Amino acid sequence: MRPLADRFEEHRGHLRAVAYRMLGSLSDAEDAVQETWLRLDRTDVAGVTNLGGWLTTVVSRICLDMLRSRGSRREEPLEQRLGEAAWGAQDGTDPEREAVLADSVGRALLVVLDRLAPAERIALVLHDMFAVPFEEIAPILDRSQVATKKLASRARQRVRGSAAVSSADLARHRQVVEAFLAAIRAGDLEGLLAVLDPHVVRHADAAALRPGMPTRTQGARNVAEESVLLAARSRFAEPALVDGAVGIVVAPRGRLLVVLTLTIEDGKIAAYDVIAEPARLRELALAVLDD
């Protein structure tokens with residue numbers, strides 16, 4: 001029989017993927033995978049016929065414990081959060097690697113998953129993303145299969161949200177928002193002017209802005225010119241459903257920092273609000289936009 005370490009390495013990528021979606025942090029996911037190896041190393045698995053399933057169960061239980069033990073995050077000043085979370089990892093994790101991983105999973109999804117209760121998150125991730133049957137998830141959560149299905153269903157509803165506009169309007173508004181983001185990322189001033197109403201008004205929490213920028217700006221050219229200055233931050237932005245309408249979440253490494261709520265009229269952005277204060281962010285209903 002091959003060495004146990006070699007057999008574990010065959011499953012490492014899968015375990016990391018599961019743990020990352022459960023924890024939303026690459027460093028935490030790596031810790032969970034390492035703890036899974038330590039438990040395997042001191043366990044007699046001679047009678048285990050499905051090592052992959054056994055390892056998935058173990059890493060899921062570890063992630064559940066980690067989620068339950070997490071305290072509420074410190075609400076440090078936004079300038080500090082932007083500096084530390086957006087521009088570089090402080091935990092030894094490669095920020096570029098985590099940025100790629102967050103993009104592959106979806107920043108909006110990570111943000112919404114982070115708002116679920118631990119058991120809801122475990123049930124949804126295992127069943128909907130990795131096709132683990134409820135009969136195997138229930139013992140991990142110490143719930144019945146019926147209760148586990150209800151947890152996943154409740155989580156699914158929160159992830160999908162409920163649109164406040166028609167499907168047609170939602171699709172049109174999403175096109176406008178995606179064009180807005182694309183123009184910012186490209187530094188395309190003319191592209192921004194094409195999606196902004198001539199009299200557009202931008203409001204923002206002061207902490208979300210660079211020093212000296214006004215909390216209120218009016219006029220398409222003024223808004224477009226200042227938006228170009230924030231192009232670096234736009235790489236962490238993604239459309240999402242915000243209070244039932246198409247908005248934008250800015251979530252470096254999957255961690256929510258800023259939300260933009262937008263008013264779209266006649267195919268143009270007539271106004272938008274940049275929300276960064278933690279208390280305001282908590283009040284928003286966030287969900288994932290369907291592809």
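Residues are numbered from 1 along each chain as its sequence is written, and side-chain values use heavy atoms, with hydrogens and water left out. As the model is predicted, local features need pLDDT of at least 70 and side-chain atom pairs count only at pLDDT 80 or more, whereas totals for chains, interfaces and linings use all residues.

Helices (H or I, at least four residues) and strands (E, at least two) are taken as DSSP runs, numbered from the N terminus.

Two strands are said to pair if DSSP finds at least two bridges between them. By this criterion strand 3 pairs with strand 4 (residues 245–250) in the antiparallel sense over six bridges, and within this pairing A240 has G247 of strand 4 as its bridge partner. Strand 3 is also joined by two bridges to strand 7 (residues 286–287), again in an antiparallel arrangement, where L241 stands opposite A287.

The hairpin of strand 3 and strand 4 has two residues between the strands, and D243 there takes a positive phi near 50 degrees. With a relative accessibility of 46%, D243 counts as partly exposed. Beyond its neighbours within four places in sequence, D243 is in contact (heavy atoms within 4.5 Å) with A164, E283, L284 and A285. Of these residues, A164 lies 79 residues from D243 in sequence, with a C-alpha to C-alpha distance of 7.7 Å.

How values were computed. Buried means under 20% relative accessible area, exposed over 50%, partly exposed in between (1.4 Å probe, protein chains only).
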